[in-house]
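Good morning, and thank you for joining this group meeting.

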Number of protein chains: 2
Amino acid sequence: MADDSFYMKQALAEAARAAERGEVPVGAVVVCRDRILARAHNLTETLHDVTAHAEMQALTAAANSLGAKYLTDCTLYVTVEPCVMCAGAIAWSQVGRLVFGAEDEKRGYQRYAPQALHPKTVVVKGVLADECAGLMKDFFRKRR
Amino acid sequence: MADDSFYMKQALAEAARAAERGEVPVGAVVVCRDRILARAHNLTETLHDVTAHAEMQALTAAANSLGAKYLTDCTLYVTVEPCVMCAGAIAWSQVGRLVFGAEDEKRGYQRYAPQALHPKTVVVKGVLADECAGLMKDFFRKRR
């Protein structure tokens, strides 16, 4: 769990970078055997691309780094509960572990597609949840 | 419906291109006011990227072509029922109409995430379904 906090802090740093450029602050990292394979943050506004979520980019970059499609030995850390799209991508990638911070009651996969993940993917929730949620709340408060 | 068949044939041509290069044969086109904005086929093997489904690429390319994130005036034609990931992306894009050919009982969004699409998206199923399913069956038969 100490490791989970450490890597979630890296994902939080990515989320902070997203906020700096006016993006909804979600960050992700993919870790394989104590090595960070990919770091990414949400870029939907910058790229005018609704699919450019942090998780999607991190999965693509990690697979590219490994030269393999499947991420069975990897952990994906993401600051906010993945949406349905990202949960579907996590399933296709066969990510070994998914660790997320804050839950997303409105858009999270748990509400709309609770069976979307691969059955072998281990899910850990709530790591640094307050910090992860705090970044989101600050962002939307400033936007109003 | 004549138009829907016409554009589905374009998506089928993309699916055939996928099959030629050893990819699971799914094709997609995005149409806006009788103009094809994007054509794509599945490239997951070629790119070693599980997110490189035909729909994902077509949505990204269409948004890029329009310079806008939302595809409310567009129709997405896809030869096979979208998976959960693609349904999530279609929702984020706010695609006006989704037209698909063959249903996918194992991996389609209707089974795992029937509420995943945007509530305003109109769905039309079964256009050239036999041709769309036939390409898939031929592909998997040859692979065995």
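Is C86(A) buried or exposed? Before I reply, please note that this is a predicted model. C86(A) counts as buried, because its relative accessibility is 0% and the cut-off for a buried residue is under 20%.

Let me place that residue. C86(A) is found in helix α3 of chain A, which spans residues 84–93. Leaving aside residues up to four places away in sequence, C86(A) touches H53(A), E55(A) and M56(A).

One of these contacts leads us to an annotation. An unreviewed UniProt entry places the feature "binding site" at H53(A), C83(A) and C86(A). These positions are spread over 34 residues of sequence, yet they cluster in space, with a largest C-alpha distance of 9.3 Å. Two of them, H53(A) and C83(A), belong to the lining of the second largest pocket.

I turn now to H53(A). Where does H53(A) lie in chain A? H53(A) lies in the loop between strand β2, residues 35–41, and helix α2, residues 54–66. With a relative accessible area of 13%, H53(A) is buried, since the cut-off is under 20%. Again not counting residues up to four places away in sequence, H53(A) touches N42(A), T44(A), C83(A), M85(A) and C86(A), together with W92(B) of the other chain.

Next, the cysteines. How many disulfides are there over all chains? The count comes to 0. C74(A), for instance, is in no disulfide, and the nearest cysteine sulfur, that of C32(A), is 3.8 Å away. C74(A) is also buried, at 3% relative accessibility.

Finally, the two chains. Chain A can be laid on chain B by a turn of 180° and a shift of 0.0 Å along the axis, with an RMSD of 0.0 Å. That is the relation of a two-fold axis. Which residue of chain A comes closest to the rotation axis? The residue is M85(A), whose C-alpha is 1.9 Å from the axis; M85(A) is also among the contacts of H53(A). Of the interface residues of chain A, 96% are also interface residues in chain B, so the copies meet through the same surface.

Methods:
Residues are numbered from 1 along each chain as its sequence is written. Chains are lettered from A and ligands numbered from 1 in the order in which they are written. This is a predicted model: local features need pLDDT of at least 70, side-chain atom pairs count only at pLDDT 80 or more; totals for chains, interfaces and linings use all residues. Side-chain values use heavy atoms; hydrogens and water are left out. UniProt positions are given in the numbering used here, feature names are shortened, and annotations may be inferred rather than shown by experiment. On a 1 Å grid over the protein atoms alone, a cavity is a set of points where a 1.4 Å probe fits but cannot get out, and a pocket is an open set with protein on both sides within 12 Å along at least five of seven lines; lining residues have an atom within 4 Å of a point. Helices (H or I, at least four residues) and strands (E, at least two) are DSSP runs, numbered from the N terminus. Buried means under 20% relative accessible area, exposed over 50%, partly exposed in between (1.4 Å probe, protein chains only). Contact means heavy atoms within 4.5 Å. A disulfide is a pair of cysteine sulfur atoms within 2.5 Å. Copies are superposed by least squares on the C-alpha atoms of residues with pLDDT of at least 70 in both.
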